[in-house]
Amino acid sequence: MGVSPNGDEGENDVDEGMRVARIRDGTVIDHVRAGQALNVLRVLGIDGGGGDTVSVGMNVPSDRLGEKDVVKVEGRELSQAEVDVISLIAPDATVNLIRDYGVVEKRRVSRPDRVAGVVSCPNPRCITTANEPVDAAFEVLADGLRCEYCDTVVRGEITDHLAE
Amino acid sequence: MRQQVITAADLSRADVNRVLDRAAEIADDPGAVDDRLAGEVVALCFFEPSTRTRMSFETATHRLGGDVVDMGTPEESSVAKGESLADTVRVVDGYADAIVLRHPREGAATLAAEFVDAPLVNAGDGAGHHPTQTLLDLYTMRSTVGLDGVTVGVMGDLKYGRTVHSLATALTAFDVDQHFVSPESLQLPPGVRLDLHDAGATVREHTDLEAVLSELDALYVTRIQRERFPDESAYREVAGQYRIDAATLEAARDDMVVMHPLPRIDEIAPDVDDTDHAVYFRQAHNGVPVRMALLDLMLADDQGGEWE
Ligand SMILES: [Zn+2]
């Protein structure tokens with residue numbers, strides 16, 4: 001299998017290659033809406049303290065989006081729950097799985113019907129915020145999330161409500 | 001057979017009618033069902049005190065010939081040692097044929113239902129749901145003024161009152177015109193208004209009972225709580241406008257019924273009790289046949305037909 005560059009495809013490759021270093025094994029989250037890269041990192045729980053090797057490109061020119069952000073994480077594959085929440089803040093994102101510098105899988109994110117385990121419920125009286133063996137789960141609405149347990153609706157920045 | 005009743009919204013119109021029909025049969029002839037739950041054990045798991053609801057479920061179980069086991073108060077149970085709700089109900093599931101759960105946190109019944117096989121009834125989860133209250137409200141309304149082609153006024157604290165939210169949502173399954181009477185600061189919350197719109201209901205809001213009183217077949221009164229107001233005088237001024245007495249009701253139809261989930265404090269004057277309008281004590285009594293009907297439909301094993 002040929003090794004392809006692991007950022008955007010086509011003419012942006014060269015451009016982007018200069019801005020964002022390639023990774024050997026890990027995940028590239030591309031076509032993130034400009035301005036959302038740091039929120040993607042928050043969804044992934046990356047705050048610089050865990051020792052992950054991470055490259056971030058912000059406001060990179062993009063044919064499709066005008067400008068985009070790109071996040072590359074070395075040595076990390078994303079769970080479906082993480083991809084689902086990323087789809088809510090970066091609906092145009094592509095998630096590329098990289099092995100030995102090559103893209104081995106390329107996925108467009110799609111808006112899920114529900115998300116579980118990444119976002120926590122902002123209602124302090126919700127049973128999911130007690131010490132129970134369940135994750136908060138939300139129905140995905142057109143303009144927010146509704147807790148499946150207490151019906152609280154989360155609107156606005158869902159990254160303000162990420163689970164620990 | 002539906003195994004779990006968590007919210008009134010889980011119940012279709014057909015489900016509701018089935019419970020109310022059964023409740024009516026039971027009320028007519030309670031002796032005919034006195035061994036329906038013989039040998040069955042219903043666990044009452046009350047994580048917060050609610051003496052009246054607990055007694056009502058206990059009475060309902062006994063009248064069906066079943067036995068009750070009671071978790072006791074949270075202070076004397078394993079909850080005090082920090083056990084999770086999930087673990088508590090899993091243990092109870094092992095020795096009970098049905099579980100009745102009351103809990104101070106919203107969503108508790110939804111969570112508990114994930115961990116048990118036994119039928120489970122939500123008897124109130126914080127500010128969330130209390131479906132048996134809604135069923136007994138519907139039963140009371142149906143047995144007095146009916147549930148189709150009627151006009152209902154709901155008055156009081158419409159913002160925080162879960163009883164009101166649940167009843168208003170349930171009434172959208174019937175041909176009921178609903179009017180909502182409250183101070184502006186205590187109108188229906190956006191989420192509930194959205195649900196009512198989605199169900200095709202028209203939400204008509206008033207700040208003054210006089211605007212609709214003469215049209216009503218039923219007036220459902222709820223308490224306006226002191227803690228919703230910054231100070232005592234603001235509370236007194238507002239609450240005073242949403243209090244009814246026998247004189248208020250002179251403008252109502254003779255056959256209009258006044259309902260209230262109880263306990264009331266002073267939002268309905270005692271002089272209403274002696275009028276034909278007052279049905280709130282009957283409403284409270286209806287809790288027993290309605291809960292009997294629900295337990296019977298969930299537990300007794302010779303029920304023909306399925307829940308929808
Ligand atoms: Zn919640």
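## Chain A at a glance

Chain A has three helices and nine strands. Read from the N terminus, its elements follow the order α-β-α-β-β-α-β-β-β-β-β-β. Please keep in mind while browsing that this is a predicted model.

Chain A counts 164 residues, and 47% of them are buried. Among the contacts in chain A with a separation of 6 or more, 62% are between residues 24 or more positions apart.

## The zinc site

Let us turn to the metal. Four cysteines coordinate the zinc ion through their SG atoms: A:Cys121, A:Cys126, A:Cys147 and A:Cys150, at 2.3 to 2.4 Å. The angles among the four donor atoms run from 100 to 116°, and the site is tetrahedral. This assignment holds because all angles lie between 85 and 135 degrees, as four donors need in order to count as tetrahedral.

Along the sequence, the donor residues show the spacing C-x4-C-x20-C-x2-C. A:Cys121 and A:Cys150 link distant parts of the chain, 29 residues apart. A:Cys121 belongs to the loop between β6 (114-116) and β7 (137-141) of chain A, while A:Cys150 belongs to the loop between β8 (144-147) and β9 (153-154) of chain A. A:Cys121 is buried, at a relative accessible area of 6%, and A:Cys150 is buried as well, at 12%.

## Where the chains meet

The contact between the chains involves 16 residues from chain A and 18 residues from chain B. Together, chain A and chain B bury about 1200 Å², with 48% of that on carbon and sulfur atoms. On the side of chain A, the residues that lose the most area to chain B are A:Arg125, A:Ile127 and A:Tyr149, which together make up 45% of what that side buries.

## Rings and charges in chain B

Over all chains, a search of the whole structure finds two aromatic pairs. One of them joins B:Phe229 and B:Tyr235 in a tilted arrangement, with 5.9 Å centre to centre and 55° between the planes. B:Phe229 is buried, with 10% relative accessible area, and B:Tyr235 is buried too, at 7% relative accessibility.

Arginines also sit over rings here. B:Arg228 places its charged end over the ring of B:Tyr160, 3.8 Å from the centre of that ring. B:Arg291 lies over the face of B:Phe57, at 4.9 Å from the ring centre.

Conventions:
Residues are numbered from 1 along each chain as its sequence is written. Chains are lettered from A and ligands numbered from 1 in the order in which they are written. This is a predicted model: local features need pLDDT of at least 70, side-chain atom pairs count only at pLDDT 80 or more; totals for chains, interfaces and linings use all residues. Side-chain values use heavy atoms; hydrogens and water are left out. Donors are N, O and S atoms within 2.8 Å of the metal (3.2 Å for Na, K and Ca); water is not among the atoms, so sites may look incomplete. Four donors count as tetrahedral if all angles lie between 85 and 135 degrees; four count as square planar and six as octahedral if opposite donors are over 155 degrees apart and all others between 65 and 115; anything else is irregular. Helices (H or I, at least four residues) and strands (E, at least two) are DSSP runs, numbered from the N terminus. Buried means under 20% relative accessible area, exposed over 50%, partly exposed in between (1.4 Å probe, protein chains only). Rings of Phe, Tyr and Trp (its six-membered ring) pair if their centres lie within 6.5 Å; planes under 30 degrees apart count as stacked, over 60 as edge-to-face and the rest as tilted. A charge sits over a ring if NZ of Lys or CZ of Arg is within 6 Å of the ring centre and within 35 degrees of the ring normal. Contact means heavy atoms within 4.5 Å. Buried area is the accessible area (1.4 Å probe) that two parts lose on being put together, summed over both.
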